Amino acid sequence: MIYDQASYTREGEDRHEPLLSEKGQKTVDVEEASPLPDALTRDELTLPNPSEPEVARHYTRLSQMNWAIDSGPYPLGSCTMKYNPKFIEDVAADPNGAVHPDRSDRSVQGTLELLAGLQEYLAAIGGMDAVTLQPPAGAAGEFTGILIAKAYHEKQGNDRSEVVIPASAHGTNFATAAMAGYDVVELPSGEDGRVDVEALDAAVGEDTAALMLTNPNTVGLFERDIAEIADIVHDAGGLLYYDGANLNALLGRGRPGDMGFDVMHYNVHKTFATPHGGGGPGAGPVGVVEELAEFLPTPHIREVNDGKIGYETYEPEHSIGKVHGFAGNWLVLIKTYAYIARLGDAGLSDAAAKAVLNANYLAEQIDLEIPHGPFHHEFGATAGDRDAADVAKGMLEYGVHPPTTKWPEMVPEAMLTEPTEAESQASLDHLASAFNRAYADDDEALAAAPTRTTARRIDQADAARNPRLSWQALGER
Ligand SMILES: *Cc1c(COP(=O)(O)O)cnc(C)c1O
C-alpha cells in the first residue's frame, strides 16, 4: 500500500483507493503539463557544486548573520516573538503527518480528527462556537472575519457601509476593512489610552457593520469598558470583531466570547508557538459565534456520527467561499495543536500570567517613562526627547534585539516592548541593562550605532525598494 501512513478506517471498511497501480503506473487521469514556453527556459546554467561542509558552512554563516529567537531575547511589541519549544518541530517533521491535501476524507481520518480537535481547542480558548483553520495569517483571518460579518449583514438585508477602528489598532485592521469594501471610521484614543466610550457612542450608528478591537490593546491596556462597548455596538446592530494578536495576555483567564465579541482571529504563530518573522508561514484561524457559523469558509471540518466515518469536510450553507488552499497551513496547525495539548489548561494560563509578570518586571527595571498603564503583556515606553529609532540601534550594541519603535502613535517616540513569558529573570535584566545603556548613550554614539552587527545602519527605504535577494560574495557587491 502506498501513501497509507495516516489513513484510518474503521473495522470492516475498505482501505482508500490507491493512487498508483501495483506496477507503480499512474492511475490518476491528469493530463501531462505542457513544456515551459521558450522565453522561460535556457540551454546552459552554471550551478555551484559545493561539498557538504561548504553547504553547511554557507547556511551556518547565514544564520549567524541574522538575529533569531535562538540568539537572544526579541522583545518586539505586538509581534509576540516567543520561544518556540523544539518538540513542536519534531511533531511537524513526522513523515506520518505529510498526506496529500487532496485525498478523500475517508483516507485521512487521523488528519481530520486532529484538525477538528484544534477547532475545538481554539473555540474553547476564545469562547467561540465554531472555528475555521483556513486563513494563513492574522491579516488573512481579519479579512475572512470581516467578510463573514459582511455576509451576515447582507443576508439580513442590511446595507451597512462602515467599520469603526481605534487609532491605536494595527495597520492590517484598516487595510482589512478597506479591502472588504468598507469605509473606515477612525476612533481617536481616549486620554488614558483606551477607547473613549463617548466618542464610540457618537461614531456608531445604523451604518456600522463592525467595531474591530484589540484587547488588551496595542500598548497592553485592557479595555475595562468592554461590556459597555459591546452593548453600544450590538444595540446599533453592528458586530464586534476581536483582533487576537494579544491573546497571549489572556490565555485561560479571559475569553473574547465572554466579553461580547462575535468574531475573532487567532495569530497562532504569535500565541501558540511556530517561529515567525520574515513573513511566515503562519496561520490565522477565525472563531465565530453560532449565528455566524453558516458563513464560514469552505471546506469546513466536522465530526459525523452516522456510525461509519468519524470526520468529514463540507461546505457551510452560506459559506463566503475559499480563503486558502484546502484546510489551511497544516504544518503550522500541527504545531499549534501540539503546543496547546502539551501545555493544557494550567500551562496556558500560566503562560499568560508570566507574560504579564515579565512585562511588568522589565518595565520596573528601565529608566524610560511609560505613559499608560496598568498594562498586561506589553508596554509602550517613550524615548522622550530622544529618537526611538536611534535608541533601538544603540540597543543592538549591547547584544539584544530592540523593541518595536515609533508605533503606536499615541505614545510619542514609542518603544513598544513585549518580553513574552519565555524569558528568564536574568534575560530580562540583560534586556533592561541594554535599554538603559542605550538610552544614556550620547547622540554621537547612537548616530553611529550599530557597529557590532553584520550589517551597519541600512537605508531602509532602499532596502525595501531594491532588495538584494540572492547571496553575493563580498567581492561581488
Ligand atoms: C501581528 C498583528 C496583526 C496581523 O497578524 P499577521 O499574522 O502578522 O498577519 C494584526 N493585529 C495586531 C495587533 C498584530 O500585532
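Reader: How many aromatic pairs does the count come to in this structure?

Author: This is a predicted model, in which local features need pLDDT of at least 70 and side-chain atom pairs count only at pLDDT 80 or more, while totals for chains, interfaces and linings use all residues. Residues are numbered from 1 along each chain as its sequence is written, and side-chain values use heavy atoms, with hydrogens and water left out. Rings of Phe, Tyr and Trp (its six-membered ring) pair if their centres lie within 6.5 Å. By this rule, the count of aromatic pairs comes to 5.

Reader: Is the pair of Tyr152 and Phe295 stacked or edge-to-face?

Author: Planes under 30 degrees apart count as stacked, over 60 as edge-to-face and the rest as tilted. The ring centres of Tyr152 and Phe295 are 6.5 Å apart and the planes stand at 90°, so the pair is edge-to-face.

Reader: How many residues apart are Tyr152 and Phe295?

Author: Helices (H or I, at least four residues) and strands (E, at least two) are DSSP runs, numbered from the N terminus. Tyr152 belongs to helix H4, whereas Phe295 lies in the loop between strand E7 (286-288) and strand E8 (300-303). The pair thus links distant parts of the chain, and the separation in residues is 143.

Reader: Are Tyr152 and Phe295 buried or exposed?

Author: A residue is buried under 20% relative accessible area, exposed over 50% and partly exposed in between, with a 1.4 Å probe and protein chains only. By that rule, both Tyr152 and Phe295 are buried.

Reader: At what angle do the ring planes of Phe375 and Phe379 stand?

Author: The ring centres of Phe375 and Phe379 are 5.3 Å apart. The pair is tilted because the angle of its planes is 45°.

Reader: Which residue has its charged end over the ring of Tyr314?

Author: A charge sits over a ring if NZ of Lys or CZ of Arg is within 6 Å of the ring centre and within 35 degrees of the ring normal. At 3.6 Å from the centre of the Tyr314 ring lies the charged end of Arg302.

Reader: What share of the ligand's accessible area does the protein cover?

Author: An oxygen atom of the ligand is 2.7 Å from an N or O atom in the side chain of His269, and an oxygen atom of the ligand is 2.8 Å from one in the side chain of Lys270. On its own the ligand has 380 Å² of accessible area (Shrake-Rupley method, 1.4 Å probe). Of this area the protein covers 87%.

Note on methods. A polar contact is a pair of N or O atoms within 3.5 Å; within protein, one must be able to donate a hydrogen and the other to accept it, and residues adjacent in sequence count only if both atoms are side-chain atoms.
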